Amino acid sequence: MDDDSGAGDGVLARAMRVLECFTDDEPTLTAARLGERTGLSSSTLHRLLAQLTAFGLLTRAPGHGYTIGVRLWELGELSPLSLRLRETALPHMLRLYEATGENVHLAVLDAPSPEAAVALFVGRVTGQGSIPTLSRMGGRHPLHTTGVGKALLSTRDEAWLGRYFSVPLEPETTHSITSEPELRAELVRAQARGFATTREEMTLGNVSVAAPLSGVEGLPPIAIGTVVSLEHADERRLGGLVVQTAKDLARALRMP
C-alpha cells in the first residue's frame with residue numbers, strides 16, 4: 001500500500017490506530033495484519049512499530065508478532081480507576097465473594113456519548129467454583145445485557161436515556177431485552193429496589209445482580225455486582241448483599 005488512508009492524521013492519531021487494533025480475540029498481531037487493519041503504508045507502519053516498541057508500548061512476540069507492552073500497562077495502572085477505585089474496592093469485592101462464592105464484578109460507565117455508552121469492567125474477583133463468564137478487567141460489554149450495565153443505566157436521567165435508546169439494542173442471547181419499553185420497566189424496578197438483575201441475557205445459564213454506587217466525585221458512575229448460576233440465584237439475598245457492598249464502597253471512596 002503506497003498511500004495512508006489517513007494521511008492528515010498526526011503521529012499520535014496513527015499510533016492510536018495501531019494500538020486499537022489489539023483485541024481479546026487478537027492480542028497478538030503481525031505487521032502485515034496491522035497494515036491491513038490500519039490502512040497505513042508499510043514505511044509509516046514500520047516507523048510507528050519501531051517507536052512504539054522502543055517506548056515499551058508494544059512488545060515483539062514470537063512469530064513476527066506484536067503485543068501490548070508492559071509500559072502501556074504500567075501507565076494504565078496510574079489511572080484513578082486503578083489507583084483510587086480498584087484498590088479501594090478490592091477488600092469490599094473480596095467480602096462479597098466470600099459471602100457468595102461467585103464472580104464479583106466492578107464496572108464504570110464508559111460514555112463518550114449516550115449512544116456509544118458501555119460498561120467498562122475495571123475489577124473482577126473469581127474462584128475455581130465460580131461459573132464461567134465473558135467479562136475481564138478492561139473489557140467492555142453492553143449496558144442492557146449485564147447486571148452492572150443495567151445498574152448504571154438506572155442512574156441516568158431521561159434526557160440521557162432518550163439518546164441511549166435512539167440506537168437499536170442488539171441481543172447477546174435469546175433472552176436479551178432489546179425492547180425500550182421492557183428495558184425501561186426493568187430500570188424502574190431497579191430504581192425501586194436498589195439493584196438490577198439480568199437472567200441469561202449475556203450468557204446462558206447465568207444470573208447477574210448488581211447495584212450502583214451513589215455519585216463519587218472524580219470518578220465515573222460505578223456499579224458492583226455478582227454473577228451466579230441460574231439454579232443458585234437467590235436474587236433477594238444477593239440483592240441485599242450487593243446493595244450493602246455498594247454503600248460501603250461509596251463511603252470508603254469518599255473518605256479523605
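Guide: First, a definition: helices (H or I, at least four residues) and strands (E, at least two) are DSSP runs, numbered from the N terminus. This is a predicted model, where local features need pLDDT of at least 70 and side-chain atom pairs count only at pLDDT 80 or more, while totals for chains, interfaces and linings use all residues. Residues are numbered from 1 along each chain as its sequence is written, and side-chain values use heavy atoms, with hydrogens and water left out.

Visitor: What lines the second largest pocket?

Guide: Helix 8 (180–193), strand 8 (206–212) and helix 9 (235–254) each supply at least two residues of the lining. Helix 9 gives the largest share, 6 residues.

Visitor: What makes a residue part of the lining of a pocket?

Guide: A lining residue has an atom within 4 Å of a pocket point. The points sit on a 1 Å grid over the protein atoms alone. A pocket is an open set of them with protein on both sides within 12 Å along at least five of seven lines. This pocket holds about 160 Å³ of space, where volume is the space filled by probe spheres (1.4 Å) set on the points. It has 14 lining residues, and the closest to its centre are Pro212, Leu213, Ser214, Ala246 and Lys247.

Visitor: How many lining residues fall in each class?

Guide: The lining has 7 nonpolar, 4 polar and 3 charged residues. Asp, Glu, Lys and Arg count as charged. Ala, Val, Leu, Ile, Met, Phe, Trp, Tyr, Cys and Pro count as nonpolar, and the others, Gly among them, as polar.

Visitor: How do you know that strand 4 and strand 5 pair?

Guide: Two strands pair if DSSP finds at least two bridges between them. Strand 4 (residues 103–110) and strand 5 (residues 118–125) have 7 bridges, in the antiparallel sense, so they pair. Ala107 stands opposite Phe121 in strand 5.

Visitor: What does helix 5 touch on that sheet?

Guide: Helix 5 (residues 80–100) touches strand 4, strand 5 and strand 9 (222–229). Contact means heavy atoms within 4.5 Å.

Visitor: Which strands make up the open sheet of 3 strands, and in what order?

Guide: The order is 1-3-2, with antiparallel pairing. Strand 1 (29–30) and strand 2 (58–61) stand at the edges, each with a single partner strand, so one side of each is left without a neighbour in the sheet. Strand 1 joins strand 3 (residues 65–68) by 2 bridges. Strand 2 joins strand 3 by 4 bridges. Leu29 has Tyr66 as its bridge partner, and Leu58 stands opposite Ile68.

Visitor: Why is the pair of Trp160 and Tyr164 called stacked?

Guide: Rings of Phe, Tyr and Trp (its six-membered ring) pair if their centres lie within 6.5 Å. Planes under 30 degrees apart count as stacked, over 60 as edge-to-face and the rest as tilted. Trp160 and Tyr164 lie 5.7 Å centre to centre with 15° between the planes, so the pair is stacked. Being 4 residues apart in helix 7 (residues 158–164), they are separated by about one helical turn.

Methods. Axes are lines fitted to C-alpha atoms, for helices over the stretch in contact, and angles run from 0 to 180 degrees between N-to-C directions.
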